[in-house]
Amino acid sequence: MDLLTLINNGMQNQFFDMVVPVIYKATGPSIMPVVLAILLILAWALKWDKIKKIILLCLFALFFTYVIVFALKLSYVSPRPYVVLSNIRMVCPDNGFNSFPSGHVAISMTVVSVILMKVKKHRSVLIVLLAMYMIVMAFTVMYVGVHYPGDVAAGFIVGLVSAFI
């Protein structure tokens with residue numbers, strides 16, 4: 001059994017069918033900039049200068065992430081797994097746009113990478129928490145049936161590259 005089938009079908013249960021689509025929708029590509037903008041306003045109001053800089057770097061890096069992701073989605077035709085594979089369930093409706101690469105993972109990895117590059121305090125705790133977040137993101141996009149493992153891997157790479165630009 002391949003990884004996508006294992007996650008999408010082999011781990012199917014009522015709890016995941018209820019919770020994972022909520023995570024998928026709450027972490028969509030249009031959500032992260034809004035969350036960062038709200039945090040930026042909060043950081044400005046509370047005069048958290050270091051946090052302001054990190055958020056601005058995240059937003060700057062996200063610009064490159066969006067450009068790279070959409071360029072790849074437009075240039076590489078890759079239908080969603082639930083469209084091509086009869087054994088893959090569509091747990092959550094999506095936009096139907098090309099599968100490659102995962103925008104959810106790329107955007108999340110960009111923000112995680114910037115945070116890890118800039119935050120030095122409580123490093124080991126931060127690494128564990130952000131690694132768990134990225135595992136949840138990878139699991140989520142495969143569980144709902146919208147991405148192949150290769151899409152997820154490409155999203156990781158795009159996120160890392162965007163963070164270092």
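Let's start with a pair of helices: H3 passes H4 in a left-handed crossing. The helices themselves are DSSP runs (H or I, at least four residues), numbered from the N terminus.

Before going on, a quick word on the source. This is a predicted model, in which local features need pLDDT of at least 70 and side-chain atom pairs count only at pLDDT 80 or more, while totals for chains, interfaces and linings use all residues. Residues are numbered from 1 along each chain as its sequence is written, and side-chain values use heavy atoms, with hydrogens and water left out.

**How the helices pack**

Back to H3 and H4: their axes come within 9 Å and cross at roughly 160°. That makes H3 roughly antiparallel to H4. (Axes are lines fitted to C-alpha atoms, for helices over the stretch in contact, and angles run from 0 to 180 degrees between N-to-C directions. Under 35 degrees counts as roughly parallel, over 145 as roughly antiparallel, 65 to 115 as roughly perpendicular, and the rest as oblique.)

Which residues of H3 and H4 meet? On the H3 side they include Leu36, Leu39, Leu40 and Trp44, and on the H4 side Ile55, Leu59, Leu62 and Tyr66 are among them. Contact means heavy atoms within 4.5 Å. By class, this contact has 14 nonpolar residues, no polar ones and one charged. For the classes, Ala, Val, Leu, Ile, Met, Phe, Trp, Tyr, Cys and Pro count as nonpolar, Asp, Glu, Lys and Arg as charged, and the others, Gly among them, as polar.

Next come helix H6 (residues 103-118) and helix H8 (residues 149-164), whose axes come within 7 Å and cross at roughly 40°. That makes H6 oblique to H8, and H6 passes H8 in a right-handed crossing. Val105, Met109 and Met117 are among the H6 residues in the contact, and H8 brings residues including Gly155, Phe156, Gly159 and Phe164. The contact of H6 with H8 splits into eleven nonpolar, five polar and no charged residues.

Helix H1 (residues 3-10) and helix H7 (residues 123-143) pack at an angle of about 80°, with their axes 8 Å apart. That makes H1 roughly perpendicular to H7. Here Leu3, Leu4, Ile7 and Asn8 of H1 meet Phe139, Met142 and Tyr143 of H7. Six of the residues in this contact are nonpolar, one is polar and none is charged.

Rolling a probe the size of a water molecule over the atoms shows where empty space is left. On a 1 Å grid over the protein atoms alone, using a 1.4 Å probe, a pocket is an open set of points with protein on both sides within 12 Å along at least five of seven lines, and lining residues have an atom within 4 Å of a point. A volume is the space filled by probe spheres set on the points, which are joined across faces, edges and corners.

| Pocket | Volume | Lining |
|---|---|---|
| Largest pocket | about 540 Å³ | 21 residues |
| Second largest pocket | about 220 Å³ | 15 residues |

Nearest the centre of the largest pocket lie Ile51, Ile54, Ile55, Ile115 and Val119. Helix H3 (31-45), helix H4 (49-75) and H6 each give two or more residues to its lining, and H4 gives the most, with six. The lining of the largest pocket has 15 nonpolar residues, one polar and five charged.

In the second largest pocket, Pro29, Lys73, Arg80, Asn95 and His104 lie nearest the centre. The largest share of its lining, four residues, comes from H4. Seven residues of this lining are nonpolar, five are polar and three are charged.

Key. A crossing is left-handed if the near helix is turned anticlockwise from the far one by less than a right angle, and right-handed if clockwise.
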